[in-house]
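Hello,

Here is the structure I said I would pass on. My notes on what was found in it follow below.

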Amino acid sequence: MKLIREEDAVGEGICNDMKQLTHIDENGAARMVDVSEKDDTAREAVATGYIRMSAECFALVKNGAVKKGDVLSVARVAGIMGAKKTSELIPLCHVIGLTGVDVEFVMHDDACGIEVHCRTRTVGKTGVEMEALTGVQIALLTIYDMCKAVDRDMVMSEIRLLKKSGGKSGSWEVECRETSMDERSIFLPQ
């Protein structure tokens, strides 16, 4: 893998406003960011993702009739567990004491899909975006695992951060919401 230095990228027109990658040192080696000098602040993140499935599979999930059990209850717990285990799954993530994790679902009857939202919270020195994204992914994978006997053609997509708050960089919320899924969001104001 060839590393591109910032001055080379700008010079070659690759990027005119390249931000520093905080997980790479001046020699291009991976590093865990030192957050010891940062202030503890309240931090929150919300992520989302979507899984599409067959009409038969969707009806089974919606009616609680999947043979493995209550898919959404298990996926909710799995998403919470996934958020808590993020630093064990992603090598350069800090261990974070989460103060709250919520996983919610929106059923889309017309599209035979399930929208997953994960909200993570802490008071600490670093953000919880990766924990929210991991919670969404694990919840989606759990839905897939519990339903794969009925439908192996399910598609997980549109996994993304919707918003974050806290820390030195302050608040951020996604601006472009172009998506094929219903724009309802249980964690963002309409």
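A strand here is a DSSP run of E with at least two residues, and strands are numbered from the N terminus. Please keep in mind that the model is predicted.

The sheet

The strands form an open sheet of 5, in the order β2-β3-β1-β4-β5, with antiparallel pairing. Its edge strands are β2 and β5, each of which pairs on one side only.

Strand β1 covers residues 41-52 and is joined to β4, residues 155-165, by 8 bridges in the antiparallel sense. On its other pairing, β1 meets β3 (residues 113-124) over 12 bridges, again antiparallel. E44 can be followed across both pairings: in β4 it stands opposite S165, and in β3 its bridge partner is R121.

The β4 to β5 pairing rests on 2 bridges, and β5 consists of residues 172-173. K164 has W172 in β5 as its bridge partner. Together β4 and β5 make a hairpin with 6 residues between them, and G166 in the turn has a positive phi of about 100°.

Individual residues

H108 lies in strand β2, which spans residues 100-108. Is H108 buried or exposed? Its relative accessibility is 2%, so H108 counts as buried, the cut-off for buried being under 20%. The side chain of H108 makes a polar contact of 2.7 Å with the side chain of E115.

G124 is a residue of strand β3. G124 also counts as buried, because its relative accessibility is 11%. Setting aside neighbours within four places in sequence, the residues in contact with G124 are D39, D40, T41 and R43. G124 and G167 are separated by 43 residues in sequence, while their C-alpha atoms are 8.6 Å apart.

G69 is found in the loop between α2 (55-62) and α3 (71-84). With a relative accessibility of 25%, G69 counts as partly exposed, since that class runs between the 20% limit for buried and the 50% limit for exposed. From G69 to M146 there are 77 residues in sequence and 7.9 Å in space, C-alpha to C-alpha.

The largest pocket

The largest pocket has a volume of about 820 Å³. It is lined by 27 residues, of which T22, K38, T126, G127 and E129 are the closest to its centre. Which elements give two or more residues to this lining? They are α5 (129-147) and β4. The most comes from α5, with 3 residues. By type, the lining of the largest pocket divides into 9 nonpolar, 11 polar and 7 charged residues.

For a quick look in the viewer, two places cover much of the above. One is E44 in its pairings, with S165 in β4 and R121 in β3. The other is the centre of the largest pocket, where K38 and E129 are among the closest lining residues.

Regards

Terms used: Residues are numbered from 1 along each chain as its sequence is written. This is a predicted model: local features need pLDDT of at least 70, side-chain atom pairs count only at pLDDT 80 or more; totals for chains, interfaces and linings use all residues. Side-chain values use heavy atoms; hydrogens and water are left out. Two strands pair if DSSP finds at least two bridges between them. Helices (H or I, at least four residues) and strands (E, at least two) are DSSP runs, numbered from the N terminus. Buried means under 20% relative accessible area, exposed over 50%, partly exposed in between (1.4 Å probe, protein chains only). On a 1 Å grid over the protein atoms alone, a cavity is a set of points where a 1.4 Å probe fits but cannot get out, and a pocket is an open set with protein on both sides within 12 Å along at least five of seven lines; lining residues have an atom within 4 Å of a point. Grid points are joined across faces, edges and corners, and a volume is the space filled by probe spheres set on the points. Ala, Val, Leu, Ile, Met, Phe, Trp, Tyr, Cys and Pro count as nonpolar, Asp, Glu, Lys and Arg as charged, and the others, Gly among them, as polar. A polar contact is a pair of N or O atoms within 3.5 Å; within protein, one must be able to donate a hydrogen and the other to accept it, and residues adjacent in sequence count only if both atoms are side-chain atoms. Contact means heavy atoms within 4.5 Å.
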